[in-house]
Amino acid sequence: MNLVALRPGGAHDLALVNSIMQEAFDPRYGEAWTTPQCMGMLSLPGAWLTLAELNGEAAGFALARAAGPEAELLLLATRPASRGRGVGGALLRAVVEEARDRRVLDLHLEVRAGNAAARLYQREGFTKVGERRGYYRGRNGQLFDGETFSRKIG
């Protein structure tokens, strides 16, 4: 049985976040953030980090930010060994609940076109609302399109 435990995170968890990103995000797509980028985001009002453990082991994280009636899921990552075991869904539902607690009305996110995570977002009530050409820049400079998803919260 898979037991997913969630906890709030902070700047002291960024080494763990970076470790998960290095495993979860293929560098050819340019989706991972640097530790300073994550630190900068966490220092802003309305930002929060949620960490997930699966059977006692670090398995994933979500980073989001609320501004007024809207919020954005900035990053969600699950270690490859933990995929398909409920970690991503648990993190996404936790972000939705936190956004609801913050009185957010709409939650948005961007995902690389072709990323399998889009299926998770759709299962959790997100709808594709747009595309951004060349949104992600891979390690060799190649551009990849992004897809914008949104979900009503309130």
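Tyr-121 and Phe-149 are both buried, where buried denotes under 20% relative accessible area, exposed over 50% and partly exposed the range in between, computed with a 1.4 Å probe on protein chains only. The model is a predicted one, in which local features need pLDDT of at least 70, side-chain atom pairs count only at pLDDT 80 or more, and totals for chains, interfaces and linings use all residues. Residues are numbered from 1 along each chain as its sequence is written, and side-chain values use heavy atoms, with hydrogens and water left out.

Four aromatic pairs are present in the structure. Rings of Phe, Tyr and Trp (its six-membered ring) are paired if their centres lie within 6.5 Å; planes under 30 degrees apart are stacked, those over 60 edge-to-face and the rest tilted. One of these pairs joins Tyr-121 and Phe-126 in an edge-to-face arrangement, at 6.1 Å centre to centre and 70 degrees between the planes. Phe-126 is buried, as is Tyr-121. The ring centres of Tyr-121 and Phe-149 are 6.4 Å apart with their planes at 50 degrees, and the pair is therefore tilted. Because Tyr-121 belongs to helix H4 (residues 117–123) and Phe-149 to strand S7 (residues 143–152), this pair ties together parts that are 28 residues apart in sequence. Helices (H or I, at least four residues) and strands (E, at least two) are DSSP runs, numbered from the N terminus. Tyr-121, Phe-126 and Phe-149 form one aromatic cluster.

Elsewhere, Ala-15 is located in helix H1 (residues 14–24) and is exposed, with a relative accessible area of 62%. The C-alpha atoms of Ala-15 and Thr-35 are 7.6 Å apart in space, while the two residues are 20 residues apart in sequence.
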